[in-house]
Structure formats: structure tokens, C-alpha cells
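The following exercises concern a single protein chain. Please work through each task before reading its solution.

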Amino acid sequence: FTAMMQYIGPVFIRQEAGPVPPKIYTEDYPFQLGKAYFIKDGKDATIIATGLMVGTAIKAEEILEKEGLDIGILDISTLKPLDEEAITKASVETGAIVTAENGITIGGLGEAVAAVLCENAPCPMVQFGVQDEFSQSGKDSDDQGKLAVHFALTPEDLAVSVREAIAKKK
């Protein structure tokens, strides 16, 4: 919140309710608007995630690691400005991208990343998120993650999308 308070211009904060995300950053992490963070480098594909989907990406990476796949994870905490350099780096290094967001894919992270890739480093890509449909919304705080299951936003579902992106490389 400090970075947003110091920023001059419009800002949008998405406050999410639901499962507590894994602790990734220390209190002294130097957050910067417009800078993405590589949680893990990879060779086979990169999951570019935002918000609660970062935790899902970490779990999906663990599933895929057991299959011998080396998957990178890039945390995009700000969509504007977007860290085009980090996105391009991920594309060049792994050759396959999966964006992960727990909102509708239209006009979101996936489309923003696709635009960057199209101009800088085209590669196979899969957008993982809520498809274009009327949907329910609400707090997804139960242990079963009913909304995540309903919209196919589980780590297992994300792992399927990563496999799909890697298959497109061939």
C-alpha cells in the first residue's frame, strides 16, 4: 500500500478474500510498482501469475516438477505498468508461457502478456483463468475451494494448461 500512496495518478487495488496465500516475501522486500518478481526460473515453461494465483502456480509447479518438468514462476503484482522486460525474458528462456489469473481472461493479465509477447518475443501461450461466462462470485473461504473447482482454477487444472503450452512448442 505504501507504493500506491506515494504514486501520483490513478491506482486500483484488488483486495481478495479466500485462502491465505503462501508467504513469499519478507517484510523488507523492496516492492516496486511495475516490477515483476521471478519466484523460480525454469527451462520448459513459465507461469506468469497474479494475486491468489501465485500460490496456485507454486502448487502446480510442484506437481509438474514430479514429472521432470522445470517450470518457472513470475509474479506480476502490477498490471500497469507491466514489466515487459521480465515477460520477454521468460518467453526467451522457456519458450512457453501460461498466464494465471482468478478473474475473467478478457482484458486481464493474459491479454496484456499476449500483447507484450506478440511485439517482443512470440511463443506458445495459454491463458488460464475464468472463461467468458456469466458466473457466481463470492468469498471462496471454505477448505474445498468450491469456486476454484467450479471454474477449473486448481493447481491440477493449471498443470494441465502448462502441459498444453509445452506441447505447443513442438
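**Exercise 1.** What span should the 14 residues of helix H6 (residues 155-168) have at 1.5 Å a residue, and how far apart are its end C-alpha atoms?

*Solution.* The model is a predicted one. The expected span is 1.5 Å times one less than the number of residues. For H6 this gives 20 Å, and the end C-alpha atoms are 20 Å apart, which agrees.

**Exercise 2.** Determine which residues of H6 are buried and how they are arranged about its axis.

*Solution.* Step 1: under the criterion of under 20% relative accessible area, the buried residues of H6 are Pro155, Leu158, Ala159, Ser161, Val162, Ala165 and Ile166. Step 2: viewed down the axis of H6, these buried residues fall within an arc of 160°, so they line one face of the helix. Step 3: an α-helix has 3.6 residues a turn, so residues three or four places apart point the same way. Step 4: the cover over the buried residues of H6 includes strands E2 (45-49), E3 (71-75), E4 (97-104) and E5 (125-130), together with helix H2 (53-65).

**Exercise 3.** Which residues touch the most other members of the largest nonpolar core?

*Solution.* Step 1: among the 25 residues of this core, they are Ile47, Leu158 and Val162. Step 2: H2 contributes the largest share, six residues. Step 3: beyond four places in sequence, Val162 touches Ala45, Ile47, Leu64, Ile71 and Val98.

**Exercise 4.** Describe the setting of E4.

*Solution.* Step 1: six of the eight residues of E4 are buried, so E4 is largely enclosed by the rest of the structure. Step 2: E4 runs parallel to E2, joined by four bridges, and pairs with E5 in the parallel sense over five bridges. Step 3: from E4 the chain passes through helix H4 (residues 109-120) to E5 in a right-handed β-α-β crossover.

Key:
Residues numbered from 1 in each chain as written. Predicted model: local features only at pLDDT ≥ 70, side-chain atom pairs only at ≥ 80, totals over all residues. Heavy atoms only, no water. Helix = DSSP H or I, 4+ residues; strand = E, 2+ residues; numbered from the N terminus. Buried < 20%, exposed > 50% of the residue type's maximum accessible area, 1.4 Å probe, protein only. Arc of directions from axis to C-beta. Contact = heavy atoms within 4.5 Å. Core = buried A, V, L, I, M, F, W, Y, C linked by side-chain atoms within 4.5 Å. Pairing = 2+ DSSP bridges. Right-handed = clockwise from strand over helix to strand, strands pointing away.
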